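Biologist: I am new to this model. Please show me how to read its features, one at a time.

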Number of protein chains: 2
Amino acid sequence: MSEESKVSGIDQAQYTANVNRRDFLRRAVIGGVVGAGLWSKLGAAEPGQHDKDINTRLFTFIGGQVGPWSIVTVKTITGEALPVAERLDVVNGPVSASPDGAKWILRGVTSNARYTTRQEKDQLTAIQPAVGRPTATCSALIPIRKNAQWWGLSQDQRREIFEERSHHIKTGLGYLPAVARRLHHCRDLGENEPFDFLTWFEYARADAVAFDELVARLRATEEWTYVDREIDMRLVRDGG
Amino acid sequence: MSEESKVSGIDQAQYTANVNRRDFLRRAVIGGVVGAGLWSKLGAAEPGQHDKDINTRLFTFIGGQVGPWSIVTVKTITGEALPVAERLDVVNGPVSASPDGAKWILRGVTSNARYTTRQEKDQLTAIQPAVGRPTATCSALIPIRKNAQWWGLSQDQRREIFEERSHHIKTGLGYLPAVARRLHHCRDLGENEPFDFLTWFEYARADAVAFDELVARLRATEEWTYVDREIDMRLVRDGG
């Protein structure tokens with residue numbers, strides 16, 4: 001099936017599904033209470049209705065023609081490329097699927113750390129900076145997917161490769177507080193996602209070479225032999 | 001804001017958002033390729049269009065008036081109750097939000113195990129049965145949420161409580177292969193979900209007492225002191 005006919009199919013079904021959904025909502029409210037699971041489902045689909053008071057863990061990365069970040073370089077390290085986009089917008093929460101000129105939309109949620117020990121977590125917390133520093137005018141968006149073999153490993157095997165043999169946390173600690181980092185998980189968003197993680201980094205122009213070194217060191221590890229899709233985007237902020 | 005006015009708000013926005021989404025899809029295809037992230041987003045919202053060839057990890061539990069499972073008892077163990085429903089339908093994949101008489105919809109994804117060691121995983125794999133056995137005419141749906149303190153712990157602390165101190169895996173192993181189990185994760189679906197996990201169990205009528213014992217033993221553990229919402233539903237299948 002071509003991309004185009006897929007669109008037509010969804011387009012048509014979209015209309016029908018929405019009519020059904022509206023009817024359902026009316027009925028469900030008459031019947032009693034609509035489960036919160038449904039509310040959140042609608043919230044994900046209808047971003048305009050998202051309650052601004054809720055501090056959502058969901059972030060949406062929109063590659064297109066708008067946004068404060070200018071995409072300077074894009075390297076497809078492993079696997080399929082992404083369409084070319086000029087700018088990046090990062091939105092906290094879901095978005096309506098209508099941004100002008102968007103070429104791709106990637107979503108991920110911040111979550112609990114999966115591998116850090118108490119000691120490592122305390123070390124990280126003590127020195128890692130938050131994203132959004134005015135001096136951090138450079139950024140990197142590196143979406144990553146790991147293969148089925150990785151996900152078939154047990155927790156202790158993954159930890160062993162991740163830290164004891166690849167020193168992921170230890171290596172990263174050496175670049176703090178220069179590099180701010182936010183990890184977004186995609187794998188359990190519910191459907192088959194194009195990536196497992198969206199990794200996001202912010203740093204000052206003077207630290208760009210150090211960041212290159214960090215990425216090169218991680219890519220040379222055993223952990224990275226499980227990566228089957230990776231794209232490395234570098235960006236600069238307006239005024240940066 | 002009342003539940004009713006929330007519905008009206010979403011209802012109205014729904015229409016607008018869909019018109020925008022259709023326009024966006026047409027433009028994005030003209031421009032090149034729509035990122036898979038968007039496809040999956042639409043997939044989640046438009047279940048009828050879900051590719052049947054893809055073996056989705058998403059499951060939808062619909063409490064209402066239809067489905068093969070009759071809900072026999074519902075106990076709110078901790079936290080807020082769910083609306084009363086008569087029957088349960090379990091769908092592999094997303095659903096259109098239109099099932100007649102639905103009182104609640106809960107979603108979760110199967111995922112990689114977060115705590116099991118290689119040895120434990122091998123033990124489990126060797127003896128755990130799949131769901132769907134004809135003899136397993138009884139089931140339990142137990143949605144669970146853990147509190148912020150739990151999620152703020154590090155991986156090694158959670159593992160320590162989960163297994164070394166609460167013996168979750170070891171206890172569960174003692175009830176295999178009588179009890180089939182499928183764990184669904186909700187916490188990282190993207191929005192604020194009502195539960196972190198949907199736990200689903202299937203067993204023969206003769207094993208119902210043993211299952212009660214298993215649940216009671218787990219509820220008495222240190223791990224369960226972190227549970228801040230839990231509902232225990234017991235069901236029987238038609239003909240069971």
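Biologist: Leaving aside neighbours within four places in sequence, which residues is Asp156(B) in contact with?

Modeller: Two residues are in contact if their C-beta atoms, placed from the backbone, lie within 7 Å. By that rule Asp156(B) contacts Thr117(A) and Arg118(A). Keep in mind that this is a predicted model: local features need pLDDT of at least 70, side-chain atom pairs count only at pLDDT 80 or more, and totals for chains, interfaces and linings use all residues. Residues are numbered from 1 along each chain as its sequence is written, while chains are lettered from A and ligands numbered from 1 in the order in which they are written.

Biologist: Where is Asp156(B) placed?

Modeller: Helices (H or I, at least four residues) and strands (E, at least two) are DSSP runs, numbered from the N terminus. Asp156(B) belongs to helix H5 of chain B, residues 155-165. Its C-alpha atom is 9.2 Å from that of Tyr115(B), 41 residues away along the chain.

Biologist: Is Asp156(B) exposed or only partly exposed?

Modeller: Count other C-beta atoms, placed from the backbone, within 10 Å of the residue's own: 20 or more is buried, 12 or fewer is exposed, and in between is partly exposed. Asp156(B) is partly exposed because it has 17 such neighbours.

Biologist: Which residues of H5(B) are buried?

Modeller: They are Gln155(B), Arg158(B), Arg159(B) and Phe162(B). These lie on the same side of H5(B), because they cover an arc of only 100° around the axis. The arc is taken from the directions from the helix axis to the C-beta atoms. Helix H6 (168-173) of chain B is included in what covers them. On the face turned away from the buried side are the exposed residues Glu164(B) and Arg165(B).

Biologist: Which peptide bond in chain B is cis, with omega about 0°?

Modeller: The one joining Leu176(B) and Pro177(B). Pro177(B) lies in the loop between H6 and strand E6 (180-185) of chain B. In chain A, the bond from Leu176(A) to Pro177(A) is cis, with omega near 0°.
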